[in-house]
Structures are given as C-alpha cells and as structure tokens.
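Hello,

Here is the two-chain model I promised to pass on, with the sequence alongside. Could you have a look at it while you read my notes below?

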Amino acid sequence: MYEEVTSGSRTRRTLTGTAHMAAALKLDGALIIGLALVAVYGLVVLYSASGQSLPTIIRAGVHLGMGAVAMLVLAQVNPNLLRRSSPWLYLFGVILLLVVDGIGYIGKGAQRWLDLGVVRFQPSELMKLAVPMMCAWFLHDRPLPPTMGTLLGLAALVFVPVGLVVLQPDLGTAALIAIAGSLVIVMAGLRMRIIAGLAAIGAAGGWFGWAFMHDYQKKRVLTFFDPSTDRLGAGYHIIQSQIAIGSGGVFGKGWMHGSQAQLQFLPERSTDFIFAVIGEEFGLLGLALLLLLYAFVVARALYLAMQTQDTFARLLASSLALTFFVYVFINAGMVSGLLPVVGVPLPLVSYGGSSMVTLLAGFGILMALYSHRKLMGS
Amino acid sequence: MVQGVRIKDHWQEQRLFERRALVAGLLIVALTLTLIGRLFLLQVMRHDYYTELSQGNRVRTEPIPAARGLILDRNGKLLAGNQPAYQLELVPEEVPDLNASLKALVQLGLIEADTLDDLRRTIRSRRPFDSVPVRLRMSEEDVARFAVRRFEFPGLDIKTRQTRFYPEGEVAVHALGYVGAISEPDLQRIDRAAYSGTALIGKLGVESAYEHELHGGNGFREILVNALGRSVQRQGALVPDLHTRPPTAGDDLVLSLDLAVQAVAETALGERRGSVVALDPQTGDVIALASRPGFDPSLFARGITRGEYATLTDNIDKPLLNRALRGAYPSGSTIKPVVALAGLTYHVLNPDKVEFCDGVFHLPGSSHLYREGKTGRHGHIALQDAIAKSCDVYFYGLAATIGVNRMASFMAPFGYGKVTGIDISGEKPGLLPTPEWKKLAFKRPEDQIWFPGETVNFGVGQGYLLVTPLQLAHVASVIAGRGKNFRPRLVTGLRGMQGDIQPIAPVAGKSIEGVSDADWVRVIDGMVGAATYGTARASGKGADYSIAGKTGTAQVFTVAQNAKYNEKTVDERLRDHAWFIAFAPVDAPLIAVAVLVENGGFGASAAAPIARKVMDAYLLGPDGKLKVAAKAPS
C-alpha cells in the first residue's frame, strides 16, 4: 500500500492519503466528498437566496460545523453500543415528545420546541434517528422476513412517536419519522403482499384522517390539487415556486439574478423553497447537477449499507440512506408541484440547524456502521 | 425456509436484503427521472409561460400624467396654466409617534382636530411605506409655518403636485370653466386608463369642452417592485430592464378671447349682475364672454371645501350661473330691428310712412292698453326714428300687422329659440313663442290659446320670448353681417408641443335669405340713429367709429293697468333688466356686442355705456384712435 502511494501521481497520492486519513477517522472519503459538494453548493445558493446576507452564511457554516462534529463523533461509536442504546434513546425521545405535547397542550398552540435555555431542541428531530434505530434493534435478533407478530410490534413502535408528533401538530415530520421506520421494515423483507395491503389501509386511513386534520392542513392538501383556488393564500407558495423554476429555463437567470427570489415573490426562499431558487438562478442544469450529487450520496450510502454484515447495521444504514433520498424527493416534489406542500427542508441546502445536524449525525452513524463492520459480532 | 420454528438464516437474509436494495435503487432512479421530467416540463416546455409570469410579477407600470394644455387668449396671454401645489404628506413607517405628530400638526393649525379620526383611519389603511397626504392645498404661509418646524416631524414632508391655476383669477371664468376632482359620473364616460395618475378633469367651459385636446396622453414608467409592492431600485445583482414612455402633453388652446377686452367688460359690469358677450361678426370669434358675479376657478382645482361650495351655491346672486349662455331673459326692445326687417321683407311696412304715437296703443275692438315704455310720446314717427327712439306704439302696430307666425319664422334664422352652437356646453336655447308652442306648453285649454295681445307684446320683446346674452350678441352680429353669420366659438386654434398652431376654420351659419340690401341699410340706419340721436346717444357720443345699437328693457314684473312703473318704488330684484346690442364700425363691422344688466333698469343708462367701453377697448389703440387694423375692412 505504501508503495502504491509513492508510485502514484501527486494527485493520486493526495487522494489516497486523504482516504487513509478518512479511514483512520472511521469516515468514508467518497461519501464525505459527496456531502461536502452538496453543502458547498448549498452555501453558494444560500448566499443568493438570503439576499446576500453574510451573517446567514456564517450561521449556516456554524450549523454545518456542528453537524460535522456530530458526524465525526458518532462515526467513532461502536455499532454494538449504538444498537444496545437504541431502546433507551427511543424511550428518552418518547418521553421528550410527551413533555413537548404537554407544554403545547397547556400553552394551547403548536409546540415543537423544547427550550433548554442554551439550545432550543426539537425532540421530533431526534426521533428521525431513534425510530429507525429502534426498529432495526427490534428486528436484529428476529428471523427475517418478519412474522406477523413482529410486524405488529414494529407497528406499535412506529405509531407511538408518530402519533405524538402528529399531535404537536407537525404532519410533515410525523410522515418522515413514519417513513424512516417503515423503510427499515421494508428492507427487512416485508412481503410485497403486505406492502400492498398496508398501502390500501394507508389510503383508507388517509381518508379517515382527513376528518381529523386541522383546517390549514386540509387547505394545503386541497390547494395542492388546484393551486389557483387560493392564489394569495396557501396556493401562493406553489404558484410562485413554479414560476421561479419555470422562468429559470435550462440555464437559469444567473447567480443572484433570480427576480422571483431576489424580489421576495418566492416565500421561504432560503429554507423550504430554496430548491426553486436553484431552479431559477441555475436552471435545469443546476437542478440536474444537484440531483446528481444527491444520487451519488445516496448510491454511496446504499453501497456502504450493503457492505455491513449484521442485521441491525444493514437495516439502519439502508434506512438512513433511503430516508435521505426521501427528503430530497419530497422537498423537490413539493417545490416543483408534484407533491403537496409539507414542511420538509432540502437536505444540507435549506437553511436550518436542526435538520443539518440530524442529517449529518445520521451519516455519522452510517459510517460508524460501515467502518466498524469487522468488529461486530452477530 | 423452514416451517414451524424459524431460525435466522444469515445467508438468506443477506440475499433478501440485496434484492430489496436493488429494488430501492431502481425506485430511486425512477423517482429521480420523474422529478427531472417534471422539471423539464416546467423549465423547458412551459418556460415562456413562466417567464411571462415572472416578468409581470416584478414590473409594475406606473402612469406619468401628461401636462395639461395651457389656455391662452388671442394675444398669447396665459389664462390657465399648471402650477405646483403644496401638500403635506406622511410616510407612516417613518413616523415614530403618529399620535404625537398629528397632535402637533393640530396645534400648528395645519390640520383640524375633528378630522383626526378619519385621518388615522386613512393612514392605517395604507401600506406603511406609502406616502399619505394629510393636508392638501397649503398656502405659502402654511408651508412656511411647517418648514420652520420640519425637524420636529420625521416622516412628514411637503410634496408638490401639478395643479391648475388661473393667473387672472375670476376673469373669464364662465368661458374657461374650471377643472375639479374626477367624479363618479366623470368616471362613467372617460377612459379610466387614460386618466390613471390624473386627479383633475375639466368641468365647464373650454376646460370641459376641449378636455380631450387638453388632457394629452399619459406616459408610463415601469418600476421594479418586490412582493410587498415596494418600489426598489435594484436588488442584489438584479438590474432592471425597464421601459419608460414619456407622456405627450395636451394641446394648448388658443382662444378668441381678448383678455384686455374681457377685463374691461367685467370691470364695467362691476358688482352688478349681468353679462357681456362680444363677437367678431366676420368669424364668430368670441372676443369677450363675461358673466358676473363670477368665482375663482382655482377653488375647484385645489379642492373646494364643503363650506366654500355652499357659499357659492347659497349666494343669491348665483355666481356659478353662466348668464351669458344660461341666463334667459325677455329681449325687450332689442327685438325691434329684427321685427322691422320682418315687416320690410314681408312688404307690410312702408319705412317712410309716418305713424302717430300718442303713448298708448290698443288693438281694434279691445280696451286693453299697451303703454309706451319709458320713452314717452313720440308723436309723428317713421321707421328709422321708431328704431332710434324705440317707439313701442309703432312696433305694437307693426307686430299685429305681421302676425306672430310670420314673425317667428322670420326670426328663427337669426338664432332665436335655439342654441347658437358655441363650442362650450351648457347653452340654453331661450324661447321663440308661437301659437303652436303655446298649445303644447300649457295644460289647461284656456291657457293654450294664443291671444292677439300676445303678438303685440312679442313685437316689443316682452311676453314669452326669452333670449340669452350670447343669442343677442349673435343677432347683433347677424345684422352686422347683413345676414351673413358664423357660429360663435371660443377656440380658434390648437398649439402643439412644438409651438405650431393648428388653426380651426370658422364655421359659417346659414345666411338670412330674402332680405334686400336696402332693407338692411334702413334698419341699420335706425340703429345708428339710436347711438347718435336716439335712446343710446349718450353712449354713442364722441366715438371715433360709427356705432349701430339698440337698447332694450325687459320687464321682470308686469305693472297694473293704470299704475305707472316707478323705478324707485319697485324692489331692486323686480326692476327691469337692461339690454343693449350694438356693432361697430357700421360699414365694416369688427365687433358685435350684447350687454345685459339684471335689474339694471333702462338699457340706455345701464347697459349701453358698458357696450361702449367694450367696443372702445377692442377697436381703439392706446392713443384713443381707431386701430389701423380696424380701419381697413377685410
């Protein structure tokens, strides 16, 4: 190996050297590069989307740094420890959710944050990791594909936190938590028949759930099907973001030249709708490049998941990789008008500390599962 | 797989997982392609559509109002122009303490305390960055009072806007009209787009009649706005590509009015209610059109208050009434030259035959007496003197001989009973009575009958006959032109932006047919007699030019059969109206005048001197001699 380094070109030497260093830190070099490219792209766009606000960029940089630290730390953790701590983490999260819901109930309003004085903390973010970990832990010692009994247990494990988040109410995050948990179950080999059956039940449940939705939630769904019914209200977001993307064309209007974004026609331009800013300023090519970077990250993550050698690692790693893609798809889908508007940020690009830290923490876990694979017992 | 107890089969599970991962990977590819497809639809196929939408989003078109055309007199003197007016405006978001600022303005006397609530409501209803006018029509003094304290009022500033101003004030107001705030009925008939950004519209007179020419074409300016509607110069690296179209100013109006003559006419009327109309018989040009009392048209341009308007409408002298066009009065004896022409043309009058006037007239078989007017008994009198001395008895008999229908049909071409067609609106037609008319005008059958005595009264311009000063000025100009006449007009040309004047050709009226030249001369001689030795001799004295005139006195109320009209005992408002019509110089008339003084008493004493002053002002040079231009007949 050393000879290889000396005989290679300088660039190759550097790359290999970096890979060595990454490996020493229990990180995956290729995945890091993919994530870094997405993050840098995100910062460039954010500078324009925030109205050339340098403080915003600095704060986003801080978020990125915090996420990187979380990733680095979690990458060092022994997967066995991760697995064993899963139930406790899960239990801790559920308790926090109960507390938040309780405060919200007393305060008579939507409550998602837990103010710890120094940091404001969103327990539902924690559950995005805790739920798939719990499901993977639950399946680890059980034969796959899971039996009916196992499935019922899993359903309960997913339903409790999801229900609590729905009560906050935060439908978008609840859906993401449910998806993260469900992906574990699907990857564990849930039979296609059952998937189809559940889809049918889900549709029926959606129908039923409609009755329990808040008015603003119903409105979001309705305006998704016909944005023009509410041009200045809920439909405004969808109309304006489609105008932004559509007017961007193939090559875009240029960095900081997007009239929709710069003149504030586009709502939430630096958070949930930043995808539209890219579409407007960098065009179809810019979006395609972004999707390509995401695809690379997801593909690499899935590859890493496949290299792991025990059930817990495999299921959790693949769930994390797929959840990442689901985020991308839901955000891009809602901004471009394919999906209803739900509050899902564009991973690593949208401005926001919580999601940045959670996502990078997830990748830290994924890398830990991969890089410690030889250490793990069955 | 084993039935019953199941144990973990790691190899099997690995394969299962790999299959799932493969499916997931394919699913990811499919979903990504779906996304790309959607983006392709938006960014390639519907790109033009969304580009248009985004353009409309950020660019707002703001109108630039065109400068209203000026109004000039025949010598290019300014009668109506544009002037910046001051108003106090407030930008809500820049005012730290709105209530304190408003209270301080009340203390300064710039706003009234009882309007505060309305004002606050207005301010609240606007966007915080919009400038809201809190005080309009600031006088110079108001501006000064605010200016010294300006530092105490952050967010408040004095702004200027173009408004109409009339440098001569009340002069010629009834000819010019005025501009006022666009009203709801105005909005119904105008093209709203053409008036966006414009606050004022012509209301009366030439301001209204030539609104289209004066208004001009609005320009526009595209401004970059953000989603809040706030105008922004530049946002980030986004440099706007904006279009601007300058407005095209309205045409200036060149009027036939002669400001100097107009001023003389109004000064001569003074505080009396009345009207003066002077026409050029050779073109129909209105040299002067005065109606007193008047009012200051600037009141309306700067926004008239309720109180000011009430003062105008409640005034018993009716300053808003345009007496020249809308004041309808009996013509009095000014009708006599036309009746004489009718008699001559119908060959029922021998101009040289001497009649006897003993001061009263009665129809055969009737005991009703028709009195001589103010001029007493004339004794033996022929046509020329009958006109010059205004002998009623002579014309009582003549009217009875001609008959009402023939008289009316002869008079109609002179313009009695119909509008002259002057180029401003609001003109009243007056009334040329006939038996036919009476049948339609009255309900009760006994009222519908035309009595012979009414014909007699008609012959001296009393009774049902009603004329306006403009109509009589036109009659005077018809006689001056020996039957040739022109439609009266105020605007003779339009001046474009380059200063080029586009003249408007005079419009000839239908000439009077059938009157012989000799008969014109006979009647005009009678009118010249009136101004030299007859009723108006005092006013004709010492003129450097020849004058043909006719006095008239219109009854306001009827004196009882045996009573004598005594000017001193009759209430001022019930006194007779005084008329005088004239034209000069007689051989090549340059000016025809009609003067009405309401309740002025005798035409000779109240109206004729005014006409003389007007004619002097128009015809004489500064040296008191006839102007060169006036001497040479065109």
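A word on naming before the notes: helices (H or I, at least four residues) and strands (E, at least two) are DSSP runs, numbered from the N terminus. Please also keep in mind that this is a predicted model.

Confidence first. The average pLDDT of chain A is 84, and 86% of its residues score at least 70. Residues 1-7 of chain A are a stretch to read with that score in mind: there the pLDDT is below 50, and the model shows three contacts for this stretch beyond near neighbours in sequence.

On to chain B as a whole. The 634 residues of chain B include 41% that count as buried, and the chain has 24 helices and 21 strands. Among contacts in chain B with a separation of 6 or more, 75% are between residues 24 or more positions apart.

How do the two chains meet? Chain B puts 38 residues in contact with 44 residues of chain A. On the chain B side, the elements that give two or more residues are α1 (10-45) and α2 (47-58). The largest share comes from α1(B), with 19 residues. Sorted by class, the chain B side consists of 20 nonpolar, ten polar and eight charged residues.

Helix α14 (residues 311-335) of chain A and α1(B) have axes that come within 11 Å and cross at roughly 10°. That crossing angle is under 35 degrees, so α14(A) and α1(B) count as roughly parallel to each other. From α14(A), the contact uses A:T311, A:R314, A:S318, A:L322, A:F325, A:F329, A:A332 and A:G333, while α1(B) brings B:E13, B:F17, B:A21, B:A24, B:I28, B:L31 and B:L35.

Inside chain B, I would point you to helix α10 (residues 259-269). Eight of its eleven residues are buried, so α10(B) is largely enclosed by the rest of the structure. The buried ones are B:L259, B:V261, B:Q262, B:V264, B:A265, B:E266, B:A268 and B:L269. What lies over them? The cover includes β3 (78-90), β11 (274-279), β12 (286-292) and α23 (603-619) of chain B. Just after α10(B) comes B:G270, with a positive phi of about 60°.

The nonpolar cores take up the story from there. In the largest, of 132 residues, those with the most contacts inside it are B:A278, B:A476, B:A582, B:V593 and B:V614. The element that gives the most to this core is α23(B), with eleven residues. Leaving aside neighbours within four places in sequence, B:V614 is in contact with B:V261, B:V264, B:A265, B:A268, B:V276, B:A278, B:A288 and B:V593. Another core lies apart from that one; it has 120 residues, among them A:M133, A:V184, A:I185 and A:A276.

A loop residue worth a click is B:I512, between β18 (501-503) and α21 (517-532) of chain B. Is B:I512 buried or exposed? It is buried, because 20 other C-beta atoms lie within 10 Å. Not counting residues up to four places away in sequence, B:I512 touches B:P413, B:F414, B:V478 and B:G483. B:R482 is 30 residues from B:I512 in sequence, with a C-alpha to C-alpha distance of 8.0 Å.

- The peptide bond from B:R292 to B:P293 is cis, with omega near -5°; B:P293 sits in the loop between β12 and α11 (298-301) of chain B.
- B:A584 and B:P585 are also joined by a cis peptide bond, with omega about -20°, and B:P585 is in the loop between β20 (577-584) and β21 (591-597) of chain B.
- A:Q52, not a glycine, has a positive phi near 55°. A:Q52 is in the loop between α3 (29-49) and α4 (54-76) of chain A and, with 14 C-beta neighbours inside 10 Å, counts as partly exposed.
- B:K318, again not a glycine, has a positive phi near 50°. B:K318 lies in the loop between α12 (306-314) and α13 (323-326) of chain B and counts as partly exposed, with 17 C-beta neighbours inside 10 Å.

Best wishes

Technical notes:
Residues numbered from 1 in each chain as written. Chains lettered and ligands numbered in written order. Predicted model: local features only at pLDDT ≥ 70, side-chain atom pairs only at ≥ 80, totals over all residues. Contact = placed C-beta atoms within 7 Å. Nonpolar A, V, L, I, M, F, W, Y, C, P; charged D, E, K, R; others polar. Buried ≥ 20, exposed ≤ 12 C-beta atoms within 10 Å, placed from the backbone. Axes fitted to C-alpha atoms, helices over the stretch in contact; angles between N-to-C directions. Parallel < 35°, antiparallel > 145°, perpendicular 65-115°, else oblique. Core = buried A, V, L, I, M, F, W, Y, C linked by C-beta atoms within 7 Å. pLDDT = per-residue confidence, 0-100.
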